[in-house]
Amino acid sequence: MTDDGVAFGSVALDGNGSKASVVIDVATGEAKDSEHGAVPFSDYAGYGLFWDDSANTMAAYPHAK
């Protein structure tokens, strides 16, 4: 979750493991599709933290301005 009240997550689309990325406004509870294919597992000091299972690597990307 970011300091401005946005949480990130994914939802199951079917029973076959397909997922879609979503963003949630914590104040309203409104969820909508994310334009991004991956969601961060955490947020730290203005960076989204992402984990890549295939490479066993963590990456940090700054928030978009």
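The following conversation goes through a predicted model of a protein.

User: What kind of model is this, and how are residues numbered?
Analyst: This is a predicted model, in which local features need pLDDT of at least 70, side-chain atom pairs count only at pLDDT 80 or more, and totals for chains, interfaces and linings use all residues. Residues are numbered from 1 along each chain as its sequence is written, and side-chain values use heavy atoms, with hydrogens and water left out.

User: How many helices and strands does the protein have?
Analyst: The protein has zero helices and six strands. Helices (H or I, at least four residues) and strands (E, at least two) are DSSP runs, numbered from the N terminus. Read from the N terminus on, the elements run β-β-β-β-β-β.

User: What does the C-alpha trace span?
Analyst: Along its principal axes, the C-alpha trace spans about 35 × 35 × 15 Å.

User: Which strands form the open sheet?
Analyst: The open sheet has three strands in the order E4-E5-E6, with antiparallel pairing. E4 and strand E6 (57–62) stand at the edges, each with a single partner strand, so one side of each has no neighbour in the sheet. From one strand to the next, the twist averages 30 degrees; axes are lines fitted to C-alpha atoms (for helices over the stretch in contact), and angles run from 0 to 180 degrees between N-to-C directions.

User: And how many bridges are there between E5 and E6?
Analyst: Strand E5 (residues 47–52) and E6 pair in the antiparallel sense over six bridges. Two strands pair if DSSP finds at least two bridges between them. As one example, Gly-48 has Tyr-61 in E6 as its bridge partner. In general, strands of a sheet pair through backbone hydrogen bonds, either parallel or antiparallel.

User: Turning to the loops, where is Ala-45?
Analyst: Ala-45 is found in the loop between E4 and E5. Its phi is near 50 degrees, a positive value in a residue other than glycine.

User: Is Ala-45 buried or exposed?
Analyst: Ala-45 counts as exposed because its relative accessibility is 63%. Buried means under 20% relative accessible area, exposed over 50%, and partly exposed in between (1.4 Å probe, protein chains only).

User: What about Asn-56?
Analyst: Asn-56 is found in the loop between E5 and E6, and its phi, near 55 degrees, is a positive value in a residue other than glycine. With a relative accessible area of 59%, Asn-56 is exposed.

User: Which part of the protein is buried, then?
Analyst: Buried residues make up 18% of the 65 residues in the protein. One of them is Gly-9, which counts as buried at 16% relative accessibility and lies in strand E1 (residues 6–12).

User: What does Gly-9 touch?
Analyst: Not counting residues up to four places away in sequence, Gly-9 touches Ala-20, Ser-21, Val-22 and Val-39. Contact means heavy atoms within 4.5 Å. The C-alpha atoms of Gly-9 and Ala-38 are separated by 8.8 Å, with the two 29 residues apart along the chain.

User: Is Ser-34 buried or exposed?
Analyst: Ser-34 is buried, with a relative accessible area of 16%. Ser-34 is found in the loop between strand E3 (31–33) and strand E4 (42–44). Leaving aside neighbours within four places in sequence, Ser-34 is in contact with Ser-21, Val-22 and Val-23.
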